[in-house]
Amino acid sequence: MIALFLFVLGALPLAVGLSSIKAPYEWNRDECTVRSKRMPWTNLTSEEKLDYLNADVCLMSSPPKSGIAGAKNRWDELQYIHIVQTDYVHGVGAFLPFHRYFMAVHEHLLRAECNYTGPLPYWDEPADIGNISGSPLFDVETGFGGNGTGTGGCVANGPFANFTLRFKDDLSIDEYCLSRYLNNRALSQAGKEAVDLCIAKETYVDAWNCLEGRPHGAGHGAVMGTMINPFTSPGDPIFYLHHGYLDKLWWDWQSLNLTTRLTEIGGNNTARGPGFIPGFGSGPGGGFPGGNFPGGGNFSFPFPPGFPTNGSNPFPFPGLNKTINRAFTDYFNDGGNITTLNHTLWSAGVMENITIADVMDPRGGFVCTEYL
């Protein structure tokens, strides 16, 4: 499944300096007076669904503002944030805090630039196990559009039909379509058994490793196409609903012991080296019954017959044994390789840098939301 994301040492080339850009949006630390609501997509009214979809379309048609070379719209800039630091926000202790921050950046743009006022939806993934194509999330009229079509798996219906993405996983510019290949088998890994296993973990490091495994991989693998690429996956708007659900699971875990878990963090700042697969132990297949990924064999994935790849490798993982990019690690402000509450979270100048401490409690501070 997609949780075989093999994030190893090294970062993609930076097009903007980590500390040289003044963000257009600065966080007012006293601003959280009314929390936004986060709820399953199916709980939104039809009007709220359309408003949310139109707000994402707005970001896709709004001009860039953050000075990121090659970006043609705000959506490109959001995707860039993830691509450029993929190696340093996956398979590391900052995985969950970074994605909580990243979702809040996306939400801020929806509200500040596209006038969205409704709840922020997440994907209730267990509810769609066994019938992903019938999910309201992929409805053509009031959802994100359906499955991809043709040899490239391009999405050809719904609000994001024929949408063009630009940034490739190496940050080169080459236009390509938003693609999907819906997969029930991968989504089965989002079931209650896998979730309960993670929620039962006692420490943050154990809970993070578990959540980045099967629950994280299930949503990416279930949508496939653009979502299967560990670098460029935010190109699909489904990404934010998937990670909204994953963040809710982290919050569910935190809520079991707020006294300890609102400040508990840990893990390495760089992935643990060649062969490490987040959530699955130290080698291929670890963590699955029998030691194998669904479909069997090391690094196998349950691709349906005829899976469209656009003629390229659907898993463009970084090469092994890359050197650490100090532009990131020296900027983390942890004083070493262990993730701390002082760890810097960065969004390429789209918003102000903050620390992990600022997102540990989603009910206040930077995130200012509540899960329903």
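This is a predicted model: local features need pLDDT of at least 70, side-chain atom pairs count only at pLDDT 80 or more; totals for chains, interfaces and linings use all residues.
Which residue does a disulfide join to C58? The partner is C114, with an S to S distance of 2.0 Å.

A search of the whole structure finds four disulfides. A disulfide is a covalent bond between the sulfur atoms of two cysteines. When the bonded cysteines of the chain are numbered in sequence order, the pairing reads 1-8, 2-3, 4-5, 6-7.

The link of C58 and C114 is left-handed, with -80 degrees about the S-S bond. This pair links distant parts of the chain: C58 sits in helix α1 (residues 46-61), C114 sits in helix α3 (residues 95-114), and 56 residues separate them. C114 has a relative accessible area of 12%, under the 20% limit, and is therefore buried.

Another disulfide is formed by C154 and C177, whose sulfur atoms are 2.1 Å apart. The torsion about the S-S bond is -80 degrees here, and the link of C154 and C177 is left-handed. Because C154 lies in strand β4 (residues 154-155) and C177 in strand β6 (residues 173-177), the pair ties together parts that are 23 residues apart in sequence. Are C154 and C177 buried or partly exposed? C154 counts as partly exposed, at 25% relative accessibility, whereas C177 is buried, with a relative accessible area of 17%. The limit that separates these two classes is 20%.

C198 and C210 also form a disulfide, with 2.1 Å between their sulfur atoms. The torsion about the S-S bond of C198 and C210 is about -80 degrees, so this disulfide is left-handed. C198 belongs to helix α5 (residues 192-199) and C210 to helix α6 (residues 204-211), so the pair ties together parts that are 12 residues apart in sequence. Both C198 and C210 are buried.

Why is α7 described as largely enclosed by the rest of the structure? The reason is that 10 of the 10 residues of α7 are buried. Among them are R214, P215, H216, H220 and V223. H216 has its place in α7, which spans residues 214-223. At 1% relative accessibility, under the 20% limit, H216 counts as buried. The side chain of H216 reaches the backbone oxygen of E212 at 3.4 Å. α7 is followed by M224, whose phi is positive, near 55 degrees.

Helix α2 (residues 74-84) is likewise largely enclosed by the rest of the structure, because 11 of its 11 residues are buried. The buried residues of α2 include R74, D76, E77 and H82, as well as W75, L78, I81 and V84. What covers the buried residues of α2? The cover includes α1, α3, β5 (164-167), β6, α8 (238-255) and α10 (326-329). In this list, α1 and α3 are the helices that hold C58 and C114, and β6 is the strand that holds C177.

The largest pocket holds about 500 Å³ of space. Its lining has 23 residues, and E31, H108, R111, V367 and C368 lie nearest its centre. Which elements give two or more residues to the lining of the largest pocket? They are β1 (36-40) and α3. The largest share of this lining, five residues, comes from α3. By class, the lining of the largest pocket has 11 nonpolar, seven polar and five charged residues.

A search of the whole structure also finds four cavities of 30 Å³ or more. The largest cavity has a volume of about 80 Å³. It is lined by 12 residues, of which Q85, F332, H343, T344 and W346 lie nearest its centre. The lining of the largest cavity divides into nine nonpolar and three polar residues, with no charged ones. By contrast, five charged residues belong to the lining of the largest pocket.

Methods. Residues are numbered from 1 along each chain as its sequence is written. Side-chain values use heavy atoms; hydrogens and water are left out. A disulfide is a pair of cysteine sulfur atoms within 2.5 Å. Helices (H or I, at least four residues) and strands (E, at least two) are DSSP runs, numbered from the N terminus. Buried means under 20% relative accessible area, exposed over 50%, partly exposed in between (1.4 Å probe, protein chains only). On a 1 Å grid over the protein atoms alone, a cavity is a set of points where a 1.4 Å probe fits but cannot get out, and a pocket is an open set with protein on both sides within 12 Å along at least five of seven lines; lining residues have an atom within 4 Å of a point. Grid points are joined across faces, edges and corners, and a volume is the space filled by probe spheres set on the points. Ala, Val, Leu, Ile, Met, Phe, Trp, Tyr, Cys and Pro count as nonpolar, Asp, Glu, Lys and Arg as charged, and the others, Gly among them, as polar. A polar contact is a pair of N or O atoms within 3.5 Å; within protein, one must be able to donate a hydrogen and the other to accept it, and residues adjacent in sequence count only if both atoms are side-chain atoms. Contact means heavy atoms within 4.5 Å.
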